[in-house]
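Let's take a friendly walk through this model together. Have the viewer open and follow along as we go.

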Amino acid sequence: MTTAETDTRHGAHPRWVSAVVILGAVLAVVLTIHQVFILGRATGVMLLENAYLYWLLACLLPLAFFVFPLTIKGRWIWPLDLLMALATAGILGYFAWNAETMVRQAWEYTAPEPARWASLLLWFLVMEVTRRAGGLAILIVVGVLSFYPVYAASMPGVFSGFAMTVEQTGMYHIMSTQSMLGLPIKAFASLVVGFLLFGVTLQFTGAGRFFLDMSFALLGHVRGGAAKVAVFASGLMGSMSGSVTSNVLTTGTLTIPAMTKSGFPRLYAAGIEACASTGGTLMPPIMGATAFVMANFLGISYLEVATAAIIPSVLYFFGLFIGADAFAAKAEIKGLPQEELPSLRKAMREGWYYIAVFAFLIWMLIGLGREAAAPFYATGLLLIINQVFSKRDRMTWDRFKSYLLAVGRLLVEIAAILAGIGLVVGALVVTGMIGGLTNALVHIAGGSVLALLVMGALASFILGIGMTVTAAYVFLAVVLAPSLIQAGLNPLAVHMFILYWGMLSFITPPVAIGAFAAASVARTSPMRTGFKAVQLGAIIYFVPFFFVLNPALLLIGTPQEIISVTVSAIIGVAVLANGLQGYIYGIGPVTHGPVGWVVRGLMIIGGLAFAAPGLPMAGIGPLVTSAIGAGFAVLALILAWITQDKAAPPLVEGQTGHDAH
């Protein structure tokens with residue numbers, strides 16, 4: 001990326017736009033640091049929460065008109081974008097300046113005339129920046145639901161709500177602390193900014209290269225090593241970036257060619273990369289922005305959310321790892337030549353400080369409980385160490401400007417989306433619709449927890465197709481989560497369930513953005529890659545049901561319960577992965593034909609039953625489901641051993657034709 005122009009989703013900008021985006025990013029970060037570290041005691045400038053949020057949005061939302069410009073026939077209509085940017089900045093600055101008066105006089109109900117008109121205009125501008133950052137689908141959802149208070153009284157049954165005029169709705173959206181300034185933006189301002197900054201810093205200081213080198217050095221030489229490197233490295237990178245697509249397009253450009261070179265079919269290579277990159281956004285210590293919003297929704301620390309995600313994410317990556325190993329064993333794919341692999345000693349010598357900074361971050365999160373301040377300290381430490389010890393990735397002036405530009409673009413995109421979905425939350429809260437809808441969903445499900453979960457999974461998946469994961473999560477956290485919690489499920493498990501199912505659209509056709517991105521790198525069929533990713537990442541479709549029915553998998557419960565269900569789940573995932581790949585350790589490839597499909601079916605059923613941590617809602621404990629799973633698995637092993645094909649294993653599906661080269 002050059003300093004002369006900023007590459008954007010819709011084209012390129014002149015140099016001055018880059019300068020404006022960098023300035024906005026710097027002001028936003030400085031303002032956040034001022035608030036997080038309570039520097040007002042030293043500077044004498046103490047900001048009320050609503051003033052801080054208005055000023056932060058004033059630094060970022062106007063920039064959306066430059067980062068995502070309006071074009072007609074490829075030409076940027078900059079006068080219109082500049083006008084809307086100035087209007088957005090001016091209105092937000094006006095509200096920030098009057099923040100104290102706004103609270104004292106309750107402007108969301110009795111605002112003066114200028115503030116009423118300003119709120120209506122800002123409402124429109126927020127929807128426009130949401131459209132530019134999130135797309136048409138999210139605009140439709142935000143537009144329809146943010147206007148809900150206007151027509152709520154005319155809606156039938158449970159969809160009916162408290163009525164408001166357009167003017168009253170605009171005042172509430174913009175001037176209350178429950179809508180645009182609600183939970184999503186509060187989470188962004190208190191936690192997300194710092195961790196996004198840290199993630200971008202890791203990428204610009206060469207952490208991605210270090211994790212890839214370390215992964216290749218550790219795993220590249222073992223059986224199917226290239227695929228295992230993809231699982232390991234993409235998981236680490238995804239944890240840093242929080243973006244599935246960018247992860248695929250960075251690590252995938254190295255891991256996919258390495259897999260195909262070692263003998264993996266292109267289809268498989270693209271599928272495993274898509275799955276690993278998707279799972280990375282669910283892996284602690286740095287999860288996607290949605291995890292921070294979840295912490296605010298539940299009123300708990302981010303550390304609790306990240307801790308709860310440990311076992312599910314480990315199960316997912318363990319399943320991918322075992323699946324890759326089983327596939328490599330079946331197809332007789334060896335590791336990469338040692339001489340082609342980087343040296344572990346050299347990789348550690350050049351990148352030891354990334355591990356040190358991660359350790360420092362975790363110490364601050366766990367040992368000191370400073371989750372808001374931790375990423376800023378870690379970022380500062382990383383930048384200093386990188387400048388002192390790294391010759392390869394040391395920041396030059398041009399690189400530093402590109403770094404600030406990347407920070408600005410990311411902050412603008414996330415802030416625009418969260419401000420928009422805050423309008424949805426505010427509309428549902430002020431109309432009182434949530435309580436009625438919760439009761440209606442419970443009634444429709446007939447009191448069945450499983451039926452509610454299936455409804456929730458489908459709703460999360462469908463919304464995840466057309467919206468960002470964060471937007472889909474926030475909507476369902478308001479609308480669906482209360483009904484699941486009312487049915488007796490653990491609140492954290494419910495919210496994590498919604499998050500997981502919202503992520504699945506990245507690898508599931510017909511959309512499967514992550515799989516399609518991997519297909520473009522591997523030069524293979526996007527749709528076939530999507531279906532291959534579904535097969536490879538099958539465990540992720542079941543893990544959310546496992547932990548929502550038994551929260552011990554989220555480290556909620558006694559040590560004995562947690563250890564018991566975790567061990568059972570690990571065994572079950574291994575059995576399931578072997579069944580999906582048609583390979584059984586100690587026996588070899590499963591024979592082809594009807595008997596082989598029976599064996600694989602028994603393995604899959606046995607693995608799922610073994611992994612299922614009981615069904616507490618039905619009074620079935622984990623020992624019962626484990627016994628059932630063991631029975632199916634043993635039956636499959638006996639049948640596979642009896643019918644074992646002594647001949648050389650046939651070519652694996654996808655190794656011939658286009659995908660083999």
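In which helix do E128 and R132 both lie, and how many residues apart are they? Both are in helix 8 (residues 113-134), 4 residues apart, which is about one turn of the helix. Helices here are DSSP runs of H or I with at least four residues, numbered from the N terminus. E128 and R132 form a salt bridge whose closest N and O atoms are 2.7 Å apart; the term asks for a side-chain nitrogen of Lys or Arg within 4 Å of a carboxyl oxygen of Asp or Glu. The structure holds 12 salt bridges.

A word on the ground rules: this is a predicted model, where local features need pLDDT of at least 70 and side-chain atom pairs count only at pLDDT 80 or more, while totals for chains, interfaces and linings use all residues. Residues are numbered from 1 along each chain as its sequence is written, and side-chain values use heavy atoms, leaving out hydrogens and water.

Next, look at helix 9 (residues 136-146), which packs with helix 22 (residues 397-430) at an angle of about 35 degrees, the axes being 8 Å apart. Axes are lines fitted to C-alpha atoms, for helices over the stretch in contact, with angles from 0 to 180 degrees between N-to-C directions. Helix 9 brings I138, V141, V142, L145 and S146 to the contact, and helix 22 brings I417, G420, I421, L423, V424 and A427; contact means heavy atoms within 4.5 Å.

Now compare your view of helix 25 (residues 469-479) and helix 27 (residues 491-503): their axes come within 9 Å and cross at roughly 145 degrees. Here V469, Y473, L476 and A477 of helix 25 meet H495, I498, L499, G502 and M503 of helix 27.

Finally, turn to helix 33 (residues 622-642), which gives the most to a nonpolar patch, with 3 residues. F632 has its place in this helix.

Note on methods
Helix = DSSP H or I, 4+ residues; strand = E, 2+ residues; numbered from the N terminus.
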